[in-house]
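Here's a quick briefing to read alongside the model. Have the viewer open and follow along.

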Amino acid sequence: MSLLNVSGLSLRYGSSQALFDINLSIDAGEVVALMGRNGMGKTTTVKAICRMLPSTGGLTFDGRDLQRLPSHKVARLGVGLVPEGRRCFRDLTVRENLLATARPGPWSLEEVASLFPRLGERSTQRAASLSGGEQQMLAIGRALMTNPRLLILDEATEGLAPIIRQEIWAAIARLKRETGMAILLIDKTLRELKQVSDRAVIVERGATVWSGAMGTLPHEVTERYVGV
Ligand code: ATP
């Protein structure tokens, strides 16, 4: 049984239908890339999974029907989201931001600082005073402090300097290698996505058009649906 199973998911924003038929699954320990051009429905899919937007279709996590749950319960079941746009409490310190989401499990302030030493060094600094890259690390740290079984990263490297992007990709690779956490990745950098992901799911206009092992993703498919 897959950890996350999404089948025939559809969603409307008022009169406009954004998702028609999204199908994807993630097993424990798997890293899956959710790919597609801008506006094709990746962020909307993630919001539907986290129950931040109402949708119809099959949505289960560890055998539980997520469609029946409010978003805070989805988080409590073990779905950790790093949303687009690095959200955190700007007036709280790094440490306070991390403690605000903490739930029992292996992830602690020390573990997060070991993954992102900059956060450890800046633990008493207000989040508003961090650089964009550090805020992104804090957003990832906040999701890890919930001790998720599935971590969802929506554009975690967007708009960051190359050196910071490298640090974030290295952290994702380390999470994969050392924790066996399932990870769903949305990102625009194909090369790194290919290196770290086991499988790819490609969406086009709100529907899954291809899914399979990353190593078998044909160049024509990326060219046609991801625009590379
Ligand atoms: P991007 O990479 O640009 O973030 P995406 O694949 O994540 O793209 P979504 O943000 O999920 O795409 O958008 C899917 C579709 O839903 C688009 O047509 C978008 O315009 C529309 N959409 C997104 N958010 C809203 C909203 N709040 N109200 C109405 N339509 C929306």
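How many salt bridges does a search of the whole structure find? It turns up 16 salt bridges. Keep in mind that this is a predicted model.

**Overall build**
- The C-alpha trace spans about 45 × 40 × 35 Å along its principal axes.
- Of the 228 residues, 51% are buried.

**Salt bridges**
- Glu204 pairs with Arg37, with the closest N and O atoms 3.4 Å apart. Glu204 sits in strand β9 and Arg37 in the loop between β3 and α1, so this pair ties together parts 167 residues apart in sequence.
- Glu204 is buried at 13% relative accessible area, whereas Arg37 is partly exposed at 30%.
- Asp198 and Lys176 also form a salt bridge, their closest N and O atoms being 3.1 Å apart. That pair links the loop between α8 and β9 to helix α7, 22 residues apart.
- Arg68 bridges to Asp65 at 3.3 Å between the closest N and O atoms; Arg68 is exposed at 69%, and Asp65 is partly exposed at 31%.
- There's a network too: salt bridges link Arg118, Glu121, Arg122, Glu134 and Glu167.

**Surface charge**
- Arg64, Lys73, Arg76 and Arg103 gather in a positively charged surface patch.
- Arg103 lies in the loop between α3 and α4 and is partly exposed, with a relative accessible area of 36%.

Technical notes
Residues are numbered from 1 along each chain as its sequence is written. This is a predicted model: local features need pLDDT of at least 70, side-chain atom pairs count only at pLDDT 80 or more; totals for chains, interfaces and linings use all residues. Side-chain values use heavy atoms; hydrogens and water are left out. Patches are made of residues with over 30% relative accessible area and no salt bridge: like charges are joined within 9 Å, nonpolar side chains (Val, Leu, Ile, Met, Phe, Trp, Tyr) within 5 Å. Accessible areas come from the Shrake-Rupley method with a 1.4 Å probe; for residues, only the protein chains shown count as cover. A salt bridge is a side-chain nitrogen of Lys or Arg within 4 Å of a carboxyl oxygen of Asp or Glu. Lys and Arg count as positive and Asp and Glu as negative; His and the chain ends are not counted. The place of a charge is taken as NZ of Lys, CZ of Arg, CG of Asp or CD of Glu. Helices (H or I, at least four residues) and strands (E, at least two) are DSSP runs, numbered from the N terminus. Buried means under 20% relative accessible area, exposed over 50%, partly exposed in between (1.4 Å probe, protein chains only).
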